[in-house]
Amino acid sequence: MSVDETTVRRIAHLARIAVTDEEVGPLQGELNAILAFVEQLGAVDVAGVEPMTSVTPMRMKKREDVVTAGGRAADIVANAPETEDNYFLVPKVVE
Amino acid sequence: MTALNELTLAEARDGLKAKDFSAREIAQAHLDAIEKAQALNAYIVATPDRALKMAEVSDEKIAKGEARPLEGLPLGIKDLFATQGVHTTAGSKILEGFEPHYESNVSTQLWRDGAVMLGKLNLDEFAMGSSNETSAYGKTISPWRRQENGTFSDAPLVPGGSSGGSAAAVAAHLCLGATATDTGGSIRQPAAFTGTVGIKPTYGRCSRWGIIAFASSLDQAGPIARTVQDCAILLGSMAGHDPRDTTSVDMPVPDFEAAISRGVKGLTIGIPREYRVEGMPAEIQRLWDQGAEWLKEAGATVREISLPHTQYALPAYYIVAPAEASSNLARYDGVRYGLRVPGRDIAGMYENTRAAGFGREVKRRIMIGTYVLSAGYYDAYYVRAQKIRTLIKRDFEAAYASGIDAILTPATPSAAFGVGEMASADPVEMYLNDVFTVTVNMAGLPGIAVPAGLDAQGLPLGLQLIGRPFDEETLFAAAQVVENAAGRISLPKAWWA
């Protein structure tokens, strides 16, 4: 499978990465090189094989349903580009 | 007397205990060495004040006879580990200004055991790369140089990646040991390129809490150091259960250091025939044969084995790793930390922030990941790759079930290459660096790279040993045999100082 320019732009948008017109061509070439490389996986017989979900056999750990952290709002927003009263500020989303 | 920064970690530990020198002296020796080694660009930031303060505490502990296991030993930390109050970048512009208010679990355990932090080490951006050329903070340069007819070339070489800063700093005596991480070979490939020892433990051995995520089902932390023993000492402190990482295993941490003297008598070492790849340099084949010979002389049985799905590991990795990365890196949106570039609306802000903040390799991998996870392609790519991962793991399980204790392979398909040499290559050529290491991540197994010799140009070459799950001890034992036979590989000269 290979991607065309429209698909490159669509993927970039899905990934929320702005791309310039000049970037689309080279990206298309690079993505297609990678897709051509992984094409060989089509030759493997995977009938009846379970997809891996956990690389080491382990049961999902459970813990008591109790509060273990919190009360650190100031720490959490400390690195944000824009904040007000321990809230993250973003451009207006709803008109 | 050996300069304090040229001691091994084990020697430094003994010297501190015997009060031959102080923690402050050995910290200062390293800080001076770092200062002189700017040309290597191994550290993104050095933390001299913190180092000296921690060393002072260590000297007090030693004076009171309360020395902890790593008391006063100066280490470098890969800048993928969150360090409280110290700029943590992942080698990316998108984390500009990020100062975590928390400390990674692995580094917390190192400080708990008395180690001293020298600073944060350079890496490929978000640990994506095999040459440390994708860092937003500049390339790290290897302390090694090619030799031709007895003279050193001036051409700079890469230290490998993604833990290039860790490997270069350890090789150039800018720390006694360093933390690193390995998603497809990022500990073992740079260790091999720089003549250092690096171990990627079994998935789950070290907590991933506080390590900036790349591909969560593959990422694992481990040490790089100058000897097998030093790696064993460091892993003992880095490993252990952490309830904050549900994939961290609740198992006791063995005495890794004690394992190095076990030898390999009675062990069976597998040589996988599928690793004899086309176009492999004769020097690598010779090194591999030599390694097998050394293990045999030490009492191991060496047997050829087959891991039939080996060739599919790298392509499957280039689906699984970017897929997980595209999901993990979705968090860099200009809202909670790091860079923000305004846009006409919130989506525009996300798109502009990520366009300006991520480098080329990272963007490419996010986009591949987004594509293979997108509607209509998920089964054809991601699910198929995860099935192939099951097959790769079964290959190893079959080998171990047939009586194999560890597997010997080359660590890399070549010695270190020159800075910029791969710039014109398509991305896949760079990815081929990981052809021998990536299988280990796909199967969640432990793997160690140990220096085994020099190539015709005087550059280090490494061998890799792959173990059973949670049997790092056998790897340390076998790697020690290789190290004893090969002799310590050390730098011919410090051209940068």
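Tutor: Two residues are in contact if their C-beta atoms, placed from the backbone, lie within 7 Å. The model is predicted, so local features need pLDDT of at least 70 and side-chain atom pairs count only at pLDDT 80 or more, while totals for chains, interfaces and linings use all residues. Residues are numbered from 1 along each chain as its sequence is written, and chains are lettered from A and ligands numbered from 1 in the order in which they are written.

Student: Which residues are in contact with B:Val116, leaving aside its neighbours within four places in sequence?

Tutor: Among them are B:Ala23, B:Ala27, B:Met54, B:Ser58, B:Gly72, B:Pro74 and B:Leu75.

Student: What makes a group of residues a nonpolar core, and how many residues has the largest one?

Tutor: A nonpolar core is a set of buried Ala, Val, Leu, Ile, Met, Phe, Trp, Tyr and Cys residues joined through C-beta atoms within 7 Å. The largest has 170 residues, and B:Val116, B:Leu75 and B:Ile319 are among those with the most contacts inside it. Helix 10 (residues 313-328) of chain B gives the most to this core, with 10 residues; helices (H or I, at least four residues) and strands (E, at least two) are DSSP runs, numbered from the N terminus. At least three residues of the core come from each of domain 1 (4-267 + 405-486) and domain 2 (311-384) of chain B, with bounds taken from an automatic or database domain assignment.

Student: Is B:Lys19 buried or exposed?

Tutor: B:Lys19 has 10 other C-beta atoms within 10 Å, so this residue is exposed. B:Lys19 is not a glycine, yet has a positive phi of about 60 degrees. The loop that holds B:Lys19 lies between helix 1 (9-17) and helix 2 (23-36) of chain B. Most residues other than glycine have a negative phi, and most peptide bonds are trans. The bond from B:Gly161 to B:Ser162 is cis, with omega near 5 degrees.

Student: How do you know that strand 7 of chain B pairs with strand 8 of chain B?

Tutor: Two strands pair if DSSP finds at least two bridges between them. Strand 7 (residues 197-200) and strand 8 (residues 220-225) of chain B are joined by 2 bridges, so they pair, and they run antiparallel. Strand 12 (residues 447-454) of chain B is joined to strand 7 of chain B by 3 bridges, also antiparallel. B:Gly198 has B:Ile224 as its bridge partner in strand 8 of chain B and B:Ala449 in strand 12 of chain B.

Student: What makes the reach of helix 11 of chain B close to the expected one?

Tutor: The expected span is 1.5 Å times one less than the number of residues. Helix 11 (residues 346-357) of chain B has 12 residues and reaches 16 Å from its first C-alpha to its last, close to the 16 Å expected. Its buried residues include B:Met349, B:Tyr350 and B:Gly357.

Student: How many residues of chain A are in contact with chain B?

Tutor: 38 residues of chain A are in contact with 55 residues of chain B. Helix 2 of chain A gives the largest share of the chain A side, 7 residues.

Definitions and conventions: Buried ≥ 20, exposed ≤ 12 C-beta atoms within 10 Å, placed from the backbone.
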